[in-house]
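The structure is shown below.

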Amino acid sequence: MFKDITLGQYYPADSVLHRLDPRTKFVGTLAFIIAIFVFHTIPGYLVATVFLGSVILLSRIPPKIIFKGLKGVFMLLLVTLLFNLLLTPGEPLMQLGFLRITREGLTMAGKMAIRLIYLVTGSSIMTLTTTPNQLTNAMESLMRPLKRIHVPVHEISMMMSIALRFIPILMEETDKIMKAQIARGADFESGGLIQKVKNMIPLLVPLFISAFRRANDLAMAMEARCYHGGENRTQMKPLRYDMRDYIAYGILGGFLLVAVIMRVLS
Amino acid sequence: MALELKDVAYTYSPGTAYEIHALRDINLTVPEDQFIGIIGHIGSGKSTLIQLFNALIRPTSGNVLCDGEDIWGDSYDRRALRSKVGLVFQYPEHQLFENDVLSDVCFGPMNQGKTREEAEVEAKKALRSVGFPEKYYSRSPFELSGGQKKRAAIAGVLAMNPGILILDEPTAGLDPKGRDDILGQIAQLREERGITIVLVSHSMEDIARYADRLIVMNKGRIVYDDSPREVFTHYQELETMGLAAPQVTYILHRLKEKGLAVDTTQDTVPGARDTILEALHAAGTQKEGRADV
């Protein structure tokens with residue numbers, strides 16, 4: 001029932017990209033996003049395309065799965081395109097009633113489309129090759145400097161990883177309770193809005209009880225193992241940069257540099 | 001009513017990296033008035049199998065027939081089927097939600113279209129047959145002990161008067177006394193109402209004691225489908241699947257190896273006792289006979 005929801009859409013495969021340090025991938029995704037906004041000429045987009053294409057090849061993830069992420073932002077993409085196309089002032093190309101398409105609008109819309117598509121594709125490659133837990137680890141490590149200004153970095157990342165861990169558990173629980181109530185003749189589909197909300201009670205009450213019970217158990221188990229926050233806490237698998245990470249940073253640096261140079265030159 | 005599964009297979013998340021073949025080549029019939037035990041290691045497909053019985057999941061291939069009719073046919077009323085095939089999940093106490101026990105048990109019958117009064121009649125009948133004490137009827141289900149919660153939840157399904165009652169490890173997490181009580185009441189139910197019981201269990205002893213027929217699952221396939229006695233003669237094969245025969249089976253086989261002429265197909269404690277006594281008695285008379293010579 002819930003198998004269509006992919007939150008933390010990690011796709012297991014054996015590739016260089018999967019083995020990269022999550023921090024490298026996080027920073028790399030940011031760098032890529034910056035670069036696609038720096039590029040503004042066709043040769044620039046070609047460079048970005050080559051880069052993205054090689055990353056997709058390296059990730060060993062079927063392209064079909066990568067582009068599935070685009071479906072979710074299709075509406076957003078369409079709206080952005082229309083607005084750019086119709087509302088950019090400039091040299092008119094076509095006039096349909098009060099709608100006017102300008103040359104500037106056309107190029108703007110084209111650029112935005114490329115940027116948005118690349119942005120979504122780039123970040124889905126990150127989430128597809130990195131488990132949610134690795135990602136929170138990376139964020140904790142990258143945000144560590146913020147501790148100086150009393151941002152509870154460890155607590156935030158702990159909450160995030162617990163929340164992520166609980167999503168599949170609670171979804172499974174929902175599925176189970178739902179099935180149990182359907183077996184008792186419950187109907188979650190038909191009826192008007194109010195009836196539907198009412199019908200959810202046999203699902204929501206047990207779900208909340210179970211969520212609280214689990215939270216309680218987890219707190220107890222953490223306390224029993226002397227958890228007391230991030231102070232002096234070490235990790236079982238500390239993040240460590242490898243040779244391939246330095247190489248990846250090198251490539252990213254070069255890529256950004258190319259972007260900046262092309263921008264300056266043109 | 002009878003259920004029939006024909007060449008059924010079930011796959012979780014087909015076509016993705018997480019694809020799991022939970023069931024393959026399942027052919028079986030659940031007739032009227034039978035006590036069926038299902039046993040299998042964790043992940044062998046038991047829970048998936050029982051969800052097919054009342055149309056909670058749709059088989060990836062193959063057909064599920066109820067009295068000869070395909071339950072996934074376009075015009076088939078699956079809600080009506082679910083009230084004929086009652087399914088009690090593992091830890092059924094997690095499904096309780098009402099303010100009091102009686103209302104919770106009434107949920108099923110009221111979904112069948114009964115009025116509150118009619119539902120209460122059914123609910124009280126069901127609660128009585130699982131041995132739920134009347135003084136707790138108006139209590140909140142969350143204040144009950146584990147065993148009582150379980151009884152209340154089983155009653156919640158029973159109150160719908162199913163012709164087939166499926167229970168997925170109904171005794172998990174109970175003490176031995178509570179376990180015997182609940183299983184005894186289930187066996188009694190079958191005698192009183194003549195309904196078919198499908199019991200998923202990890203306890204060979206329980207199956208040997210109550211079931212007429214035992215289905216052994218391994219890696220999504222049915223390995224044995226026979227009387228428990230017959231299945232337990234394969235106790236060595238069962239062990240390779242991470243299962244075991246009842247303890248008395250092992251004792252009887254050891255005794256036989258030592259030369260005592262016991263009946264190794266006995267699978268319950270009283271049965272084993274009788275055959276051991278008989279064998280000892282026979283051995284005794286033999287000795288006496290020799291002494292006479």
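## Helix α2 of chain A

Helix α2 (residues 22–38) of chain A is 17 residues in length and reaches 24 Å from its first C-alpha to its last, close to the 24 Å expected at 1.5 Å a residue. The expected span is 1.5 Å times one less than the number of residues in the helix. Helices (H or I, at least four residues) and strands (E, at least two) are DSSP runs, numbered from the N terminus.

The model is predicted: local features need pLDDT of at least 70, side-chain atom pairs count only at pLDDT 80 or more, and totals for chains, interfaces and linings use all residues. Residues are numbered from 1 along each chain as its sequence is written, while chains are lettered from A and ligands numbered from 1 in the order in which they are written.

The buried residues in α2(A) are P22(A), R23(A), T24(A), K25(A), G28(A), F32(A), A35(A) and I36(A). A residue is buried if 20 or more other C-beta atoms lie within 10 Å of its own, exposed if 12 or fewer, and partly exposed in between, with C-beta atoms placed from the backbone. These buried residues of α2(A) pack against α3 (42–59), α6 (103–129), α7 (132–143) and α10 (243–265) of chain A. Two residues are in contact if their C-beta atoms, placed from the backbone, lie within 7 Å.

## The two chains

Chain A has ten helices and two strands, and from the N terminus on its elements run α-α-α-α-α-β-β-α-α-α-α-α. The radius of gyration of chain A is 24 Å, whereas a compact globule of 266 residues would have one near 18 Å. That radius is taken over C-alpha atoms, and the globule rule is 2.2 Å times the number of residues to the power 0.38. Chain B comes to eleven helices and ten strands.

The table sets out some values for each chain.

| Chain | Residues | Buried | C-alpha extent along principal axes | Contacts 24 or more apart, among those 6 or more apart in sequence |
|---|---|---|---|---|
| Chain B | 293 residues | 42% | roughly 80 × 55 × 35 Å | 61% |

## The sheets of chain B

Four strands of chain B form an open sheet in the order β2-β1-β4-β5, with antiparallel pairing. Two strands pair if DSSP finds at least two bridges between them. At the edges are β2 (20–30) and β5 (69–70) of chain B, each of which pairs on one side only. Strand β1 (residues 3–12) and strand β4 (residues 61–66) of chain B are joined in the antiparallel sense over five bridges; L3(B) has C66(B) in β4(B) as its bridge partner. Helix α1 (residues 46–53) of chain B packs on this sheet and touches β1, β2 and β4 of chain B, its direction making about 125 degrees with that of β1(B). Axes are lines fitted to C-alpha atoms, for helices over the stretch in contact, and angles run from 0 to 180 degrees between N-to-C directions.

P59(B) lies in the loop between α1 and β4 of chain B. Why does P59(B) count as buried? P59(B) counts as buried because it has 21 C-beta neighbours inside 10 Å. Not counting residues up to four places away in sequence, P59(B) touches V8(B), A9(B), Y10(B), L52(B) and V64(B). From P59(B) to R79(B) is 20 residues in sequence and 17 Å in space, C-alpha to C-alpha.

A further open sheet of chain B has six strands in the order β6-β7-β8-β3-β9-β10, and its pairing is mixed. β6 (85–88) and β10 (221–226) of chain B stand at the edges with a single partner strand each, so one side of each is left without a neighbour in the sheet. Neighbouring strands of this sheet are turned by 15 degrees against each other on average, direction ignored. Strand β3 (residues 35–40) and strand β8 (residues 196–200) of chain B pair in the parallel sense over four bridges, and I38(B) stands opposite V200(B) in β8(B). Helix α5 (residues 146–158) of chain B lies across β6 and β7 (164–168) of chain B, running at about 165 degrees to β6(B).

## The contact between the chains

The contact takes 18 residues from chain A and 22 residues from chain B. On the side of chain A that touches chain B, the elements giving two or more residues are α8 (153–183) and α9 (193–224) of chain A. α8(A) gives the most to this side, with seven residues. By class, this side of chain A has eleven nonpolar, three polar and four charged residues. Ala, Val, Leu, Ile, Met, Phe, Trp, Tyr, Cys and Pro count as nonpolar, Asp, Glu, Lys and Arg as charged, and the others, Gly among them, as polar.
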